[in-house]
Amino acid sequence: MSERCSSSDKGMFEAIVSSNRQIGQRFYRLILEFSGDGAIAFVNFQPGQFAELDLSGTALPSAEAIPEDLHDAAERKILLRRPFSFTDVTTNRDKTFAELLYCVAGPATLRMTTLSAGDSVSVIGPLGNGFSVPDDKKIALLVTGGMGVPPLLHLAKVLTADLHATMIEVIAFAGAKTETELPFEGRLDEISQQLGFSIPEFAMYGIESLLATDDGSAGYHGFITDCLAERLGQSDLASEDIVIYSCGPEVMLAKVAEIAKDKNIDCQVSMERRMACGIGLCQSCAVECRLNGSNETVYKMCCKDGPVFDSREVIF
Ligand SMILES: Cc1cc2nc3c(=O)[nH]c(=O)nc-3n(C[C@H](O)[C@H](O)[C@H](O)COP(=O)(O)OP(=O)(O)OC[C@H]3O[C@@H](n4cnc5c(N)ncnc54)[C@H](O)[C@@H]3O)c2cc1C
Ligand code: FES
């Protein structure tokens, strides 16, 4: 397998907002444009890496646009930058464009909704490591839960890019509690769904995708990890030909890691922690890990040593 990617060209850059579009009740797509050194730094941004955005100076939306459950939290001061992955990175001439998919969850993401074309945002990155792209696997299974989608959409693009497309089959599994918590724009028609292409965002890369919701409001009624286990049960591929990538709630990552361990399949998980400095200094994002497969454990920093870890090393 190729080496994990991390960037040594990180820095603080001003990005200009290209667009900021609402795609669901609480979901938005934001496109940031980088030029100069920022364009150079972010052009090699790897799926799984992240950037920290400063939203402290961004205005709140009007009172009526604030969801009821965030009325109290909305006024909180934004002291820290917030971490975000990208769903896509493209270039045009000497500019780099990074696309974010975000969910309105608290004061910072609420402020993000008021960003509009031409606004400037301070961004630190690229930070952390990325998923390592295999050169010896036949199939990659991307398993997401809730807001775990962004880095795996980016990975889907990379895995199906010309270089890898002929070598690896990719299948996406996306789960959420209920249909409204699936961060996708639309649903494909019934024929596409019967063919196994349920999610347009993955279908555009020619990737088969399966949906699951805990309450059965969309796709399979149950956990997405059940779909993964079922699919693996039907596969006659050898374990060493398969790789699993996962991002989402920790309880789901733990289950994915367990399935991978039982079947002896390589698995990379993107861990989420609250972050402060984002560069390994403040120790606020610790992830307990096994030391070289032994029973001894060490704390690694999610922002610097991760956020992507081999699932075998994480203590869930
Ligand atoms: C590496 C990384 C990549 C991320 N990528 C994305 C992305 O692409 N899109 C996106 O919408 N969000 C992403 N997030 C989460 C995002 O950073 C938080 O939703 C954001 O910081 C919330 O800020 P807020 O002020 O709006 O809400 P807050 O009030 O700060 O948080 C709202 C709620 O979310 C919980 N929460 C916030 N951050 C985290 C965290 N890191 N881990 C666990 N729980 C948390 C809080 O406990 C609280 O309940 C990512 C997080 C990490 C660590
Ligand atoms: S956020 Fe400071 S060490 Fe990770």
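Tutor: The protein chain is divided into domain 1 (11-127), domain 2 (139-270) and domain 3 (272-316), with bounds from an automatic or database domain assignment. This is a predicted model, in which local features need pLDDT of at least 70 and side-chain atom pairs count only at pLDDT 80 or more, while totals for chains, interfaces and linings use all residues. Residues are numbered from 1 along each chain as its sequence is written, and chains are lettered from A and ligands numbered from 1 in the order in which they are written.

Student: How many residues of domain 1 are in contact with domain 2?
Tutor: 13 residues of domain 1 are in contact with 13 of domain 2; contact puts C-beta atoms, placed from the backbone, within 7 Å. On the domain 1 side, the largest share, three residues, comes from strand 6. Helices (H or I, at least four residues) and strands (E, at least two) are DSSP runs, numbered from the N terminus.

Student: OK, new topic: which residues are closest to ligand 1?
Tutor: Arg82, Gly106, Ala108, Thr109 and Pro150 are the closest of the 22 residues that surround ligand 1. A residue counts as near if its C-beta atom, placed from the backbone, lies within 6 Å.

Student: And which strand gives the most to that shell?
Tutor: Strand 6 does, with four residues. Strand 4 (82-84), strand 6 (95-103) and helix 3 (107-112) each supply at least two.

Student: What does strand 6 pair with?
Tutor: Strand 2 is one partner, antiparallel over eight bridges, and Leu30 has Leu100 in strand 6 as its bridge partner. Strand 5 also runs antiparallel to strand 6, joined by five bridges. Strands pair if DSSP finds at least two bridges between them.

Student: Where is the positive phi in the hairpin of strand 5 and strand 6?
Tutor: At Arg93, with a phi near 50°; the hairpin has two residues between the strands.

Student: Now helix 1: which residues are buried there?
Tutor: Gly38, Ala41 and Phe42 are buried in helix 1 (residues 36-43). Buried means 20 or more other C-beta atoms, placed from the backbone, within 10 Å of the residue's own. These three are on the same side of helix 1 because they cover an arc of only 85° around the axis, taken from the directions from the helix axis to the C-beta atoms.

Student: What covers them?
Tutor: The cover includes strand 1 (11-22), strand 2 (27-34), strand 5 (88-92), strand 6 and strand 7 (120-127).

Technical notes:
Contact = placed C-beta atoms within 7 Å. Buried ≥ 20, exposed ≤ 12 C-beta atoms within 10 Å, placed from the backbone.
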